Structures are given as C-alpha cells and as structure tokens.
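Here is a short walk through one protein model. Keep the picture open while you read, and look up each residue as it comes along.

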Amino acid sequence: MGSLISEPIFCPCHFSSLLKYQQGRESCEDDPRPGRPVTVVTEENVRKIEKLVLADRRIKLWQIAEELQISKERVGEIIHEHMNMRKISARWVPKMLTSFDKQRRLQTSKDFLELVGNNTDEICDRIVTVDETWFRQYDPESKQESMQWTKK
C-alpha cells in the first residue's frame, strides 16, 4: 500500500505562529491592524447619505462616495440594504408634448400652409405620411440621466 511520511512537514506560517506562542502569546485572535475601520456602514454615514439623496435624488453613487470618502460598493450597500431605496428611470412618452413643443408644432404647420398657398391639392397628393416620430432640436435627457432614487 502507501508508505507513511517519516519526516515532519515544514510550513513557515505554522512555524511563525508556534514561535509567537513559545514567546508567551496566549490568544488566537488577530492583532488589531492599522488603517481604515473594518466597516463604514455606520448610523452616521447612513444619515449623511440619506441627506445627500434627499437633497438630490439624481445623485450618483460615485458622487456620494467621493463626498464621504467611502467606496461606491459601501454606498450602494447603505442605499439598497439600510435605506431600502432603488434607482428608477423616468419613462419618456413622446405623445406628452410640452407647451413649447405644441407651440412649435403649430408654427411649423402655419409655415407649411403659407408655403403651400393655393396649391393645396397638388402638394397634398405628394405628401407621404407615416407614424409620427419627434425629432428634437435639443438633446433630451437620456434614460440614465433621468434616473432617480426612490423607496422600494
């Protein structure tokens, strides 16, 4: 069958631990480490983030993280798990025209009628109509830009 190993296995990590115990260490717990605290999910940070979100519901995770000097992952955890919020986007419905859009539509129609003049029958025979699509002369918000924080 197999042979037994007659020599002990040497592992540096076990050896350093053994030395510490031989020098008088009595605890198995890790020593405290310098640096950032283990967690930044504190009541104080939850309150700060809630204040920022309520002031600007379109604020982005990276902006909050930069402001409070904590990671985006922890900011997301606080918002989703502790504040019970999520980000939703507004749906843009093309048929909901603003008063400015309605006024522009009216003016365009008037300009077209003025251009046609007395030749309405001839012009109207040449017009091809399709489903209505709006092309804006400005850049509307993207879906990503319109996202806002809200309670779940």
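Of the 152 residues in the protein chain, buried ones make up 16%. Here, buried means under 20% relative accessible area, exposed means over 50%, and partly exposed is anything in between, using a 1.4 Å probe and protein chains only. The accessible surface of the chain comes to about 13,600 Å², and 54% of that belongs to carbon and sulfur atoms. Those areas come from the Shrake-Rupley method with a 1.4 Å probe, and for residues only the protein chains shown count as cover.

A quick word on what you're looking at: this is a predicted model, where local features need pLDDT of at least 70, side-chain atom pairs count only at pLDDT 80 or more, and totals for chains, interfaces and linings use all residues. Residues are numbered from 1 along each chain as its sequence is written, and side-chain values use heavy atoms, with hydrogens and water left out.

Now for the layout. The protein chain has 6 helices and 2 strands, and along the sequence they follow the pattern α-α-α-α-β-α-α-β. Helices (H or I, at least four residues) and strands (E, at least two) are DSSP runs, numbered from the N terminus. Take the contacts between residues at least 6 apart in sequence: 72% of them join residues at least 24 apart. A contact means heavy atoms within 4.5 Å.

Let's zoom in on helix α3, which covers residues 61-68. Which of its residues are buried? They are Ile64, Ala65 and Leu68. Looking down the axis of α3, the buried residues fall within an arc of 100°, so they line one face of the helix. (That arc is taken from the directions from the helix axis to the C-beta atoms.) The buried residues of α3 pack against α2 (43-55) and α4 (72-82). On the face turned away from the buried side you'll find the exposed residues Glu66 and Glu67. After α3 comes Gln69, whose phi is positive, near 60°.

Next, the charged pairs. A salt bridge is a side-chain nitrogen of Lys or Arg within 4 Å of a carboxyl oxygen of Asp or Glu, and by this rule the count comes to 3. Here they are:

| Pair | N to O distance |
|---|---|
| Glu44 and Lys48 | 3.1 Å |
| Arg74 and Glu77 | 2.8 Å |
| Asp101 and Arg104 | 3.2 Å |

How far apart are Glu44 and Lys48 in helix α2? They are 4 residues apart, so about one helical turn separates them. In helix α4, Arg74 and Glu77 are 3 residues apart, again about one helical turn. Asp101 and Arg104 are also 3 residues apart, in helix α5 (residues 99-116), and about one helical turn separates them.

Finally, look at the surface for a nonpolar patch made of Phe112, Leu113, Leu115 and Ile127, with about 420 Å² of accessible area together. Patches are made of residues with over 30% relative accessible area and no salt bridge; like charges are joined within 9 Å, and nonpolar side chains (Val, Leu, Ile, Met, Phe, Trp, Tyr) within 5 Å. One of the members, Leu115, lies in helix α5 and counts as exposed at 71% relative accessibility.
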